[in-house]
Amino acid sequence: PARDALIARLPKAELHLHIEGSLEPEMLFALAERNGVAIPFASAQEVRAAYAFSNLQDFLDIYYQGMGVLQTEQDFYDLTWAYLERAAADNVRHVEIFFDPQGHTERGVAFETVLDGIERALKDGEAQLGISYRLIMCFLRHLSEDEALSTLSEAAPHVGRIHGVGLDSSEVGHPPRKFERVFAKARELGLHVTAHAGEEGPPAYVHEALDLLKVERIDHGNRALEDPALIARLADEGMTLTVCPLSNLRLCVIDAIGASPVKRMLDLGLKVTVNADDPAYFGGYVNDNFRAVADALDLTHAEIVTLAENSFAGSFLAPADKARHI
Ligand code: ES4
Ligand code: ZN
């Protein structure tokens with residue numbers, strides 16, 4: 001259909017993508033073999049069958065387990081390069097990818113090993129695929145703020161190679177206020193700031209991300225729609241929301257794609273974007289997410305174009321570079 005053709009050819013920026021969540025079962029197997037890591041599955045098919053989640057924590061347990069096969073600089077390169085080739089096929093022109101250094105350093109993999117491999121692929125992607133990039137380091141919110149502060153210290157010599165910080169992992173019980181000091185330090189270092197909020201957590205967590213962490217974007221933000229005053233504020237501030245429809249479905253944040261907040265957010269004048277989150281685990285890359293919501297919510301061509309424009313407008317690109325894309 002014409003809608004699918006539009007989605008395929010529209011230039012897009014991807015703003016909510018965990019690089020470790022792009023580890024496809026085939027690569028999981030290949031790296032397990034290459035590194036001599038035992039995994040409790042006999043085939044890629046068996047792995048996919050295990051990806052049935054009831055909530056965020058269910059998924060995170062499998063996600064952290066999957067990361068265990070990533071050990072060398074080349075592993076992080078291969079992971080990131082495979083994602084970039086897939087992104088190029090979806091006409092993604094700019095990526096702002098998350099990585100979870102604490103998921104690796106706690107297993108004895110050096111911070112620099114992770115950063116070097118991811119960055120080398122991003123540079124190759126820029127040179128060979130024409131995809132510009134920013135790299136966002138996430139703090140795992142189920143760990144302490146002191147651990148996040150140590151991670152920020154490890155990153156500090158690499159400011160310039162890392163462009164921003166984010167906050168991810170188990171949301172409920174780990175509110176943004178727990179990370180107020182580390183986000184202040186990150187901002188002092190000149191880093192951009194974003195945070196997952198309102199995926200499973202209440203609207204109060206979105207307020208905290210704005211007021212205490214002073215974020216420039218809200219990752220997910222679904223539950224902001226429960227709070228009219230918060231909606232008005234997000235609209236007023238032109239805050240970008242990075243919504244992930246297939247992720248929401250697979251993590252039971254919504255019970256059908258038709259319940260995705262994308263259309264309601266557009267109607268409310270919010271700067272919503274469509275993203276893949278963890279495509280290897282949730283069954284689709286960015287164009288799959290666009291097609292899913294466009295079909296289920298019967299989006300117009302103009303609305304689909306707006307979603308793509310919002311992705312560049314909400315990026316950490318300089319204004320002149322945003323303008324080149326929109
Ligand atoms: C994540 Cl969907 C989601 N939510 C929170 N943390 C995450 N880490 C990777 N994917
Ligand atoms: Zn996410």
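Q: Does leucine 249 count as buried or exposed, and how many C-beta neighbours does it have inside 10 Å?
A: In this predicted model, leucine 249 has its place in helix 12, which covers residues 245-250. A residue is buried if 20 or more other C-beta atoms lie within 10 Å of its own. Because leucine 249 has 22 C-beta neighbours inside 10 Å, it counts as buried.

Q: With which residues is leucine 249 in contact, leaving aside its neighbours within four places in sequence?
A: Alanine 259 stands 10 residues from leucine 249 along the chain, and the C-alpha atoms of the two are separated by 8.9 Å. Once the neighbours within four places in sequence are left aside, the contacts of leucine 249 are Ile254 and Ile257.

Q: Which residues touch the most other members of the largest nonpolar core?
A: The largest nonpolar core holds 90 residues. Its largest share, seven residues, comes from strand 3, residues 132-140. The members that touch the most others are Phe99, Ile118 and Ala209.

Q: Which residues are in contact with isoleucine 118, leaving aside its neighbours within four places in sequence?
A: Isoleucine 118 is one of the residues that touch the most other members of the largest nonpolar core. Leaving aside neighbours within four places in sequence, isoleucine 118 is in contact with Ile19, Phe76, Thr80, Phe99 and Leu135.

Q: How many of the residues of strand 3 are buried?
A: Strand 3 runs parallel to strand 2 (residues 92-99), to which six bridges join it, and phenylalanine 98 stands opposite isoleucine 136 of strand 3. Five bridges also join strand 3 to strand 4 (residues 164-168), again in parallel. Strand 3 is mostly covered, and the number of its nine residues that are buried is seven.

Q: Through which helix does the chain cross from strand 3 to strand 4?
A: Leucine 140 has aspartate 168, in strand 4, as its bridge partner. The β-α-β crossover from strand 3 to strand 4 is right-handed, and the chain makes it through helix 8, residues 145-155.

Q: Which helix makes a right-handed β-α-β unit with strand 6 and strand 7?
A: Strand 6 and strand 7 (residues 240-243) run parallel and are joined by three bridges, with aspartate 219 opposite threonine 242. The helix that makes a right-handed β-α-β unit with these two strands is helix 11, residues 228-237.

Q: How many residues of the shell around ligand 1 are charged?
A: The residues around ligand 1 include His18, Tyr63, Asp168 and Glu199. Within this shell two residues are nonpolar and five are polar, while the number of charged residues is four.

Note on methods. Residues are numbered from 1 along each chain as its sequence is written. Chains are lettered from A and ligands numbered from 1 in the order in which they are written. This is a predicted model: local features need pLDDT of at least 70, side-chain atom pairs count only at pLDDT 80 or more; totals for chains, interfaces and linings use all residues. A residue is near a molecule or strand if its C-beta atom, placed from the backbone, lies within 6 Å of it. Ala, Val, Leu, Ile, Met, Phe, Trp, Tyr, Cys and Pro count as nonpolar, Asp, Glu, Lys and Arg as charged, and the others, Gly among them, as polar. Two strands pair if DSSP finds at least two bridges between them. Helices (H or I, at least four residues) and strands (E, at least two) are DSSP runs, numbered from the N terminus. A crossover is right-handed if, with the strands pointing away from the viewer, the path from the first strand over the helix to the second runs clockwise. A nonpolar core is a set of buried Ala, Val, Leu, Ile, Met, Phe, Trp, Tyr and Cys residues joined through C-beta atoms within 7 Å. A residue is buried if 20 or more other C-beta atoms lie within 10 Å of its own, exposed if 12 or fewer, and partly exposed in between; C-beta atoms are placed from the backbone. Two residues are in contact if their C-beta atoms, placed from the backbone, lie within 7 Å.
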